[in-house]
Structures are given as C-alpha cells and as structure tokens.
Amino acid sequence: MAFTMRQPLRLGTSIAAASKGAFKSSTVRSFHYTKPASNFFSAKTTSSPSALAKARNAFRNSRRTYMNQPAIPAANATLIQKLAVGGAMIVGGVIATNLVFNRETREDGGMPAYEREYLNETFMHTGLGVGIIGLSARAMFQSGFMYRMMATNPWIVMIGGLGLSIGTMMGTRATSPDNYVQKYGLWSAFNVTQGALLAPLLFMAPPAIIARAGLYTIAMMGSISFVGATAKQEKYLYLGGPLLAGVAIVAVSGFAPLVLPATAVRTLAFTENIWLWGGLAVFGGFTLYDVQKILAHARMAQQGLIRKDAVNESMSLELDFLNIFIRMVQILMMQQGRRK
C-alpha cells in the first residue's frame, strides 16, 4: 500500500510573499523582535496578521488535531467487529447446513466409538497436512525460490508440480500403513508439492484476503463435515458418480481460456463462473462424500475387511480444502476489484 505525503502548509511560499515588506511592516517586526505586551496586542497587529503568523497558527492547530486522533481504539473496534462477524458466520453456517441437509439423523443411537476415533485421527492428519502445506508455501514465497522458478518457466513449475503431486499421492496410497517411514515420507512430499503449487497465489493475494479465505474455508468444511458425521449411514455415498461428472465439467471450464478467443467475453465469463462457483459446490459435495466414506471405511475396518489408514483418508480432505480455499481467494479478490 502506498501512502502519499502531503505538506499541510507551504511556509516557504508564505515567507517569500511576505518578504517584500519585511522592513516596512510593523506586523513582521513585532513577530521577529521582542516588544512590550501592550504593543504586541495593538489594534494594528490584530487587524492585519501576516501570512507567516497565519501559517504558524494553522500548523499548531493541525498538530493538536493530529495528536488527538484515537487511531488505536478504532482499529481495535474494527478487529473485534470482524471477529464477531466471522464467528457468527461459522455458527450460522453450521446451523443452517444442519437444518437443510441433515433432517434425518442416524438411527443407531449416535456415532460409535471406533467411528469417532477414526474420524478424529483423520481430521488430525488433515490439519497437520494443511499446516505443512501452508508452511512450505510461505517458506518458498519468502525465500524467493518460487519466484525464480516462475520467472524461468511457469509451465515447468505447473506441469512438474502436478506430476510430483500425483506421483507422491499414488505412492502414499500404495504404501502399507505398517511402513511408517516410507508412508509419512511420501505423505510429507505430497504436502510439500501442494505447497509449491499454492505458493504463486501468495504473490497475487494480500495477506488479509488469504486469512479471510482460510477462515471461510474452515467454516464451510466444518459445517459440511458436521452434517456428514451426524447424518444417516451411507446417506450421501451416492454422490460419488455425480461429483465426478461435476469435476469433469469444472476442469473443462478451467481450460476454456486456453481454447476460446479473447473476443468471446460472455462465454469466458460463463466458464469462469462455472469454475469458481460450480467448483465451490462440487468440492463442498466432495467434503460431505469423503466424511461419510471415512465412516464407512471405519465400519469396514472394524469388521476386518480393510486396514485402517488415516493418512490416505486425510489426503482426500486436504484436496477438498485446497480447492475450496483457492476459489475463496479468487472470489474475494474479484469482490475487492469491483469495489475499487
């Protein structure tokens, strides 16, 4: 943010204008030389004050006004107001989503202990993974490594990062949970590659928008996860097929600017809305689907049909978080651009 320094008074101009009568005007002499108090408050002096005296009085008044401004309380009040609004949005989102999508609750008397434990373990790995992604993206941004890579060839960064992301994800899923070193090593590499793909976003969005987008993403995923955890068993697992079709449509709309000409303004705007708002809805649905899939896998693991693997489950939620977060940042940046 750039600030413009402005001079409140142009004293040099005022002195130059008053210098012509410097030795003839008793007003200027009364200012520069010490006189008795009775001569200082004479009628001649008060009737024709010099430009320099006006300037000095104005400077003193402006200084007192500046010193009396309550800047810190206003900033604190604004921060408290934003936090209150954010908290109200989170609580309201949870209640509204629960009332709309969760009218039929579980019939087995609540979530069993093994499902709750597996879900909590998955959420713990999801939080750790998101933390690694954020720290790695910030480190690459501050060191300038990602800037040099993007300046060299952005396509290598995008294509190479996408290839490493897919490779480490497949390697993590294929590794047995008993092989802790290889499992967590590949999982950490997967999170670092996601941070590398996320780092260029830090060059375009200010920190305030990044923080707001993170808060909105946590609120959205938290409310949807609550619905998925308290709904009937396997109620939303049917969404897998439609969500895959939705992802395909969103992906095609994302590649539209590379194919369509720049003159097709309406078509490009339509595809951009599909990519932003359609992607937001699709990955919100994936969050609901993934939470119910985790609970279904917990029941299967309890029966001995599959192995418990919270690391693999957490990667799905991490991808949902990143896709929602990126769209939140872009939506907030568009709103800020319209206000300007």
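Predicted model: local features only at pLDDT ≥ 70, side-chain atom pairs only at ≥ 80, totals over all residues.

Reader: How many helices and strands does the protein chain have?

Author: Helices (H or I, at least four residues) and strands (E, at least two) are DSSP runs, numbered from the N terminus. Here the protein chain has 15 helices and zero strands.

Reader: Which residues does UniProt list as "transmembrane region"?

Author: UniProt positions are given in the numbering used here, with feature names shortened, and annotations may be inferred rather than shown by experiment. The unreviewed UniProt entry lists residues 83–101, 122–141, 153–172, 209–229, 236–262 and 274–291. In the model, residues 122–141 are 100% helix and 0% strand, with 28 Å between the end C-alpha atoms. Residues 209–229 are likewise 100% helix and 0% strand, and their end C-alpha atoms lie 30 Å apart.

Reader: Why does Ala137 count as buried?

Author: Buried means under 20% relative accessible area, exposed over 50%, and partly exposed in between (1.4 Å probe, protein chains only). Ala137 has a relative accessible area of 3%, so it is buried. Of the 340 residues of the protein chain, 33% count as buried.

Reader: What does Ala137 touch?

Author: Contact means heavy atoms within 4.5 Å. Ala137, which is found in helix 7 (residues 113–143), touches Gly195, Leu198, Ala199 and Leu202, not counting residues up to four places away in sequence. Ala199 is 62 residues from Ala137 along the chain, yet their C-alpha atoms are separated by 4.6 Å. For the protein chain, 83% of the contacts with a separation of 6 or more are between residues 24 or more positions apart.

Reader: Which backbone oxygen does the side chain of Thr168 reach at 3.1 Å?

Author: A polar contact is a pair of N or O atoms within 3.5 Å; within protein, one must be able to donate a hydrogen and the other to accept it, and residues adjacent in sequence count only if both atoms are side-chain atoms. The oxygen at 3.1 Å belongs to Ser165, and the backbone oxygen of Leu164 lies 2.7 Å from a polar atom of the Thr168 side chain. Thr168 sits in helix 9 and is buried, at 12% relative accessible area. Leaving aside neighbours within four places in sequence, Thr168 is in contact with Leu186, Ala189, Phe190 and Thr193.

Reader: Where is Asp309, and is Asp309 buried or exposed?

Author: Asp309 lies in the loop between helix 14 (265–302) and helix 15 (310–339). Its relative accessibility is 10%, so Asp309 counts as buried. A polar contact of 2.8 Å joins its side chain to that of Asn312.

Reader: Which residues lie nearest the centre of the largest pocket?

Author: A pocket is an open set of points on a 1 Å grid over the protein atoms alone, where a 1.4 Å probe fits, with protein on both sides within 12 Å along at least five of seven lines; lining residues have an atom within 4 Å of a point. Of the 37 lining residues, Met158, Phe255, Trp275, Asn323 and Ile326 lie nearest the centre. Helix 9 gives the largest share of the lining, eight residues.

Note on methods:
Residues numbered from 1 in each chain as written. Heavy atoms only, no water.
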